[in-house]
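This report describes one protein chain. Please look at the sequence and the model first, then read the sections below.

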Amino acid sequence: MTEPPRERAARRRYVTVCALLWLPPGLGMATMVLLFTERGMSLAAVAGLFAAHSLTVAALELPTGGLSDVLGRRPVLAAAGGLGVVAFALIGLGTSAWLLTAGMVLMGVARALASGTAEAWFVDTVQACSGPDAELRTGLARGGSATSAALAAGILLGGALPWLLGPGSDLGARLSEATSGAVLPLSVPLLLGAGLRLVFVAYVLAALREPPRPPATLRSVLRGVPVTVVEGLRLGGRDALVRRILLAAAAAGSALAAVELLVPGRTTELTGSNASGAMVYAALSCAGFVCSGLGSHLAPLTARIAGSGERAVLVSLTAGAGGLLLLGVTATSVHPAATALAVTGFGLVYLGLGAAAPNENDLLHRQVSRAGRATALSVQSLAQQLVGALTGLAVGVLRPGPLPWLLTGAVLLAGALLWLRRSGERAVQVTGVRARRRASPRRSARISPS
């Protein structure tokens, strides 16, 4: 069957938006902490700056998802890009604590506005073109691959630019002198990120045409956003399949939090110094994003081999849990064989989570209507962030070693085992949400709790 040209165009534009959206954060990952310390911030102050960003995202995740559902995808994405320009510029040029705090807060607002909005645009457009049963998994997988590739490329480029402009470079010295120290070599990746945000805004306004929607007024926005947010929060309680998706996202958040908190210490222990450990961790992070992108690319194939999207999620999350188990059993050894197993486990975690996400989201989009799509994605993102934060607190009080890895591996495995139980096939209409439930011919249509 020939794919409609509009559907191919929507997929191509979605992939481009994903790449443009995530390349600037990748550029900032490599240098932001070092830039803050270069500006005179203490470690506690740096932690406070990142906490301001995280709390802003968590507080605005659901309201901005509702805003996208009520106001439209394109204006919300454009606003996210515009705020990102200001945020990256403030962080790149700011020399005082309040300027840097303002930059991190604005970056958090932009992150919340963009959360799920591009994906919601893609699904809206494809379903408007090919109907509610349109094939989504391939586009979602390619968007995930583009996101991972952009982050990996951003980390590499963001780490290379300050090195090229660092001590001994006439260009870096002239740049700092010409700007009276406002632009340091460490600032350059962030300022490049601000420029890329301008490109992102231009592309969104030019390329992301939306299916027609009722005109939004201030009154409709103020009334519609709270209603949409409430419906999104109720969704997981009403729909067994959506509840599994949210729990799987929470388990993935736990796994990622463990990796991000524990692996830097292991690389430092392995190499013997903070500087070399940081370099190894940056290389590992880049490899992790590559594995995640590969997993996303393989998501449609995984679903075909497994026989369904639900079984693909089961297989993928189980693989990720196996990766955490490998990291756990090698936690106390620096033997080369143990190190090789740990690196394999690290890659397996990202590969499994990357393969699971497009299949989970394909199922999610078939459960929700356009009126609540971005909100549902925001609820999913919030579940991942909150459980990740709680896992970080728990891991922080445990002794380093196998136990933190094995506990988070058990959490991810529990998230995988939820998918052993299948949903029924009966459609149920709810406000703003299309909840399909599959009834087995041998069992009651009533769904047992997940």
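## An aromatic cluster

Phe289, Phe346 and Tyr350 make up one aromatic cluster. Rings of Phe, Tyr and Trp (its six-membered ring) pair if their centres lie within 6.5 Å; planes under 30 degrees apart count as stacked, over 60 as edge-to-face and the rest as tilted. The structure contains 4 aromatic pairs. In the pair of Phe289 and Tyr350, the ring centres are 6.4 Å apart and the planes stand at 65°, so this pair is edge-to-face. Because Phe289 belongs to helix H12 (residues 274-297) and Tyr350 to helix H15, the pair ties together parts that are 61 residues apart in sequence.

Phe346 and Tyr350 form a tilted pair, with 5.1 Å centre to centre and 50° between the planes. Both of these residues lie in helix H15, 4 residues apart, about one turn of the helix. Phe289 and Tyr350 are both buried, and Phe346 is buried as well. Buried means under 20% relative accessible area, exposed over 50%, and partly exposed in between (1.4 Å probe, protein chains only).

## How the model is read

The model is predicted: local features need pLDDT of at least 70, side-chain atom pairs count only at pLDDT 80 or more, and totals for chains, interfaces and linings use all residues. Residues are numbered from 1 along each chain as its sequence is written, and side-chain values use heavy atoms, with hydrogens and water left out.

## The chain as a whole

The chain has 17 helices and 2 strands. Helices (H or I, at least four residues) and strands (E, at least two) are DSSP runs, numbered from the N terminus. Of its 450 residues, 52% count as buried.

## Nonpolar cores

A nonpolar core is a set of buried Ala, Val, Leu, Ile, Met, Phe, Trp, Tyr and Cys residues joined through side-chain atoms within 4.5 Å. The largest one has 42 residues, and Val259, Leu317, Leu324, Trp405, Leu412 and Trp419 have the most contacts inside it. Helices H11 (240-271), H14 (309-329), H15 (336-365), H16 (373-397) and H17 (402-417) each supply at least two residues of this core. H11 gives the most, with 13 residues.

A second, separate core has 26 residues, among them Leu20, Val76, Leu140 and Phe200.

Leu165 is found in helix H7 (residues 137-165). This residue is buried, with a relative accessible area of 11%. Leu301, in helix H13 (residues 299-306), is partly exposed, with a relative accessible area of 37%.
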